[in-house]
Amino acid sequence: MKKMNKHLRCLLLVGIMAAALCVPAFASGGGGGGSGNVATVVESTWKDAAGQIKTVVDNVVFPALDMILAVAFFGKLGLAYFDYKKHGQFEWAGPVILFACLVLTLTAPLYIWTIVGL
């Protein structure tokens with residue numbers, strides 16, 4: 001009973017601290033009038049950040065995915081070759097799937113932004 005009481009007190013203390021330290025956030029509406037229109041704030045933030053997001057995704061995310069997929073593809077290709085040498089049958093499914101994903105991510109920056117709408 002003492003152990004449960006101790007845990008209950010700790011949980012109550014954490015709850016009180018969380019309630020005391022929480023700060024409500026209100027949307028300003030963009031005009032400073034405090035209308036609380038969240039959609040307008042989100043849309044204006046998206047318009048401001050869309051160019052930066054596109055640059056980061058094109059220059060960081062896609063190259064990182066390409067590198068990971070290229071390493072996985074060549075690793076899987078090597079393992080498939082060793083399995084071929086051992087069993088006499090080449091398994092194509094893994095390397096083909098990884099190659100298709102690699103081609104998809106290599107060409108994605110050309111078409112992904114028209115799909116997203118940027």
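Q: In which helix is Asp-66 found?
A: Keep in mind that this is a predicted model. The stretch to look for covers residues 38-87. Asp-66 sits in that run, which is helix 2.

Q: Which side chain of opposite charge is nearest to Asp-66, and how far away is it?
A: Asp-66 is buried, yet it has no salt bridge. A salt bridge would need a nitrogen of Lys or Arg within 4 Å of a carboxyl oxygen.

Q: What kind of aromatic pair do Phe-73 and Phe-99 form?
A: By the ring rule, the count comes to 5 aromatic pairs. Phe-73 and Phe-99 make a pair with ring centres 5.6 Å apart and 45° between the planes. Planes under 30 degrees apart would be stacked and over 60 edge-to-face, so this pair is tilted.

Q: How far apart in sequence are the parts that the Phe-73 and Phe-99 pair ties together?
A: Phe-73 lies in helix 2, while Phe-99 belongs to helix 3 (residues 93-116). The pair therefore ties together parts whose separation in sequence is 26 residues.

Q: Is Phe-73 buried or exposed?
A: The cut-off for buried is under 20% relative accessible area. Phe-73 has 11%, so it counts as buried.

Q: How many of the 20 residues in helix 1 are buried?
A: Helix 1 takes in residues 2-21 and reaches 28 Å from its first C-alpha to its last. This helix is hardly covered, and its count of buried residues is 0.

Note on methods: Residues are numbered from 1 along each chain as its sequence is written. This is a predicted model: local features need pLDDT of at least 70, side-chain atom pairs count only at pLDDT 80 or more; totals for chains, interfaces and linings use all residues. Side-chain values use heavy atoms; hydrogens and water are left out. Helices (H or I, at least four residues) and strands (E, at least two) are DSSP runs, numbered from the N terminus. Buried means under 20% relative accessible area, exposed over 50%, partly exposed in between (1.4 Å probe, protein chains only). Lys and Arg count as positive and Asp and Glu as negative; His and the chain ends are not counted. The expected span of a helix is 1.5 Å times one less than its number of residues. Rings of Phe, Tyr and Trp (its six-membered ring) pair if their centres lie within 6.5 Å; planes under 30 degrees apart count as stacked, over 60 as edge-to-face and the rest as tilted.
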